Amino acid sequence: MTLHVTVDDAQIGAPRRDVKAVIAVVGLAIEAKIAGASAMIANGDRTASCLRDAISHGARGIISFGVCGGLDPKLRPGHVVIASSVFAAKDEAYPADLPWAEELLRMIPGAGYSAIAGVASPMTSLEERRDFHGITGAVAADMESQVVARIASEFRIPFAVCRVVLNPAHRKLPRAALIDIGPAGKPELRKIGRSLVQDPGQLPGLGRLAVDSVMAVMALRSAKQRLGTHFGFPHLCSRNPVPIPTPTLETIATRA
């Protein structure tokens, strides 16, 4: 079941009728706590149907929010990326809402503006990330943005992506870090422990990942504090957007 989490008490329940104007789709419980009451934790195929339900009850925009894996070797943990577009599959890419992206960039100084990929599973090898980056131009990848982009396109409503790099492109994830997240967006600690017992050599890599996670979570919290309740959604009120550079990778779908 796709879940909602409130920031005050972190209670998890079924999708509510008092749908927020902006829905933040996340993959982890910690991301949901940071996002606040509008958070929806993704859960496989049910995510799309729950988003459709939220839109039918008044949601006006969707944002993919949380951490991501780096594909561009220049990006380091804690770097914020605002999507110019989302690469969802070969010959399938969706431009993010430009006014919303402009507002996110205005509110988060130092954030980058580039294409991001939505993928079905984590990329496990350094070569896979390098090749994917070279072919698509995407600088980072996560497992929720493709669903957000597709549903937003289906209903013709704005979408945005605000992601913080956790694992950089040059660092291979330990096997224990690739264990499936539980249905509430929480790591399966017993499975991780079992993996460590079987292969203690993963411990240094997990330690490095823990440090990177702290940096990424701090950056994500900072971004949310700047964005406020509605994640900088510009279609609730009029603002003067800040000009941003024209992206050079808008044709990623045809290059894939």
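The tour goes from a helix pair to an arginine and then to the cysteines.

Before clicking, note that this is a predicted model, where local features need pLDDT of at least 70, side-chain atom pairs count only at pLDDT 80 or more, and totals for chains, interfaces and linings use all residues. Residues are numbered from 1 along each chain as its sequence is written, and side-chain values use heavy atoms, with hydrogens and water left out.

**Stop one: two helices.** Select residues 46-56, helix α2, and residues 145-155, helix α5. Helices here are DSSP runs (H or I, at least four residues), numbered from the N terminus. The two pack at an angle of about 40 degrees with axes 10 Å apart; the axes are lines fitted to C-alpha atoms over the stretch in contact, and angles run from 0 to 180 degrees between N-to-C directions. Now show side chains: T47, A48, L51, R52 and I55 of α2 meet V147, I151, E154 and F155 of α5 (contact means heavy atoms within 4.5 Å).

**Stop two: R129.** Jump to helix α4, residues 126-136, and pick R129. R129 is buried, at 4% relative accessibility (buried means under 20% relative accessible area, with a 1.4 Å probe and protein chains only). Beyond neighbours within four places in sequence, the contacts of R129 include G70, M123, P168 and L173.

**Stop three: cysteines.** C162 is buried at 0% relative accessibility, and C50 is buried at 10%.

Note on methods. Buried < 20%, exposed > 50% of the residue type's maximum accessible area, 1.4 Å probe, protein only.
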